[in-house]
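This report goes through one structure by topic. Please keep the sequence and the 3D view open while reading.

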Amino acid sequence: TSGLRLMREEERPYYRLAVKQAEAAHNIRATHPVFLYWVENPSAELFTFQDDGFKYFLLGCFCFSSLQLFAIVIAAAFIFPRMKS
């Protein structure tokens, strides 16, 4: 069991609320808290992040290539025939 640093912005307000409650209850000061969440297997979680990143990279490459192919087809169909005339 290990902890990973919280990177999800939508969950951050709940962690801040917990810090404020702990400051009030225990009369302590937390100027720069680091938010962690516990996971059973951190390596598997990191590989999941890596797999998701690779999927988005491939999706981006496919979309870019499709857009470039579309632009070439449009250029070949409409612009280049007018240049010959």
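## Cysteines

A disulfide is a pair of cysteine sulfur atoms within 2.5 Å. A search of the whole structure finds zero of them. The sulfur of Cys61 lies 9.5 Å from the closest cysteine sulfur, that of Cys63, so the two are too far apart for a bond.

Cys61 counts as partly exposed because its relative accessibility is 32%. Cys63 is also in no disulfide. Cys63 is partly exposed, with a relative accessible area of 45%.

## Basis of the model

This is a predicted model: local features need pLDDT of at least 70, side-chain atom pairs count only at pLDDT 80 or more, and totals for chains, interfaces and linings use all residues. Residues are numbered from 1 along each chain as its sequence is written, and side-chain values use heavy atoms, with hydrogens and water left out.

## Helix α1

Helices are DSSP runs (H or I, at least four residues), numbered from the N terminus. Helix α1 covers residues 12-26. The expected span of a helix is 1.5 Å times one less than its number of residues. For the 15 residues of α1 that gives 21 Å, and the end C-alpha atoms are 21 Å apart, which agrees.

The buried residues of α1 are Arg12, Val19 and Glu23. They cover an arc of only 40° around the axis, so they sit on the same side of α1. That arc is taken from the directions from the helix axis to the C-beta atoms. The face turned away from the buried side carries the exposed residues Pro13, Tyr14, Ala24 and Ala25. Asn27 follows α1, with a positive phi near 55°.

## Salt bridges

A salt bridge is a side-chain nitrogen of Lys or Arg within 4 Å of a carboxyl oxygen of Asp or Glu. The count comes to two.

Glu9 pairs with Arg12, the closest N and O atoms being 3.4 Å apart. Glu9 is exposed at 53% relative accessibility, whereas Arg12 is buried at 17%. Glu11 pairs with Arg8, the closest N and O atoms being 3.8 Å apart. Glu11 is partly exposed at 27%. Arg8 is partly exposed at 32%.

## Nonpolar patch

Patches are made of residues with over 30% relative accessible area and no salt bridge; nonpolar side chains (Val, Leu, Ile, Met, Phe, Trp, Tyr) are joined within 5 Å, like charges within 9 Å. Accessible areas come from the Shrake-Rupley method with a 1.4 Å probe.

Leu67, Phe70, Ile74, Phe78, Ile79, Phe80 and Met83 make a nonpolar surface patch of about 750 Å². Phe70 is found in helix α2 (residues 42-84). Phe70 counts as exposed because its relative accessibility is 53%.

Note on methods
Helices (H or I, at least four residues) and strands (E, at least two) are DSSP runs, numbered from the N terminus. Buried means under 20% relative accessible area, exposed over 50%, partly exposed in between (1.4 Å probe, protein chains only).
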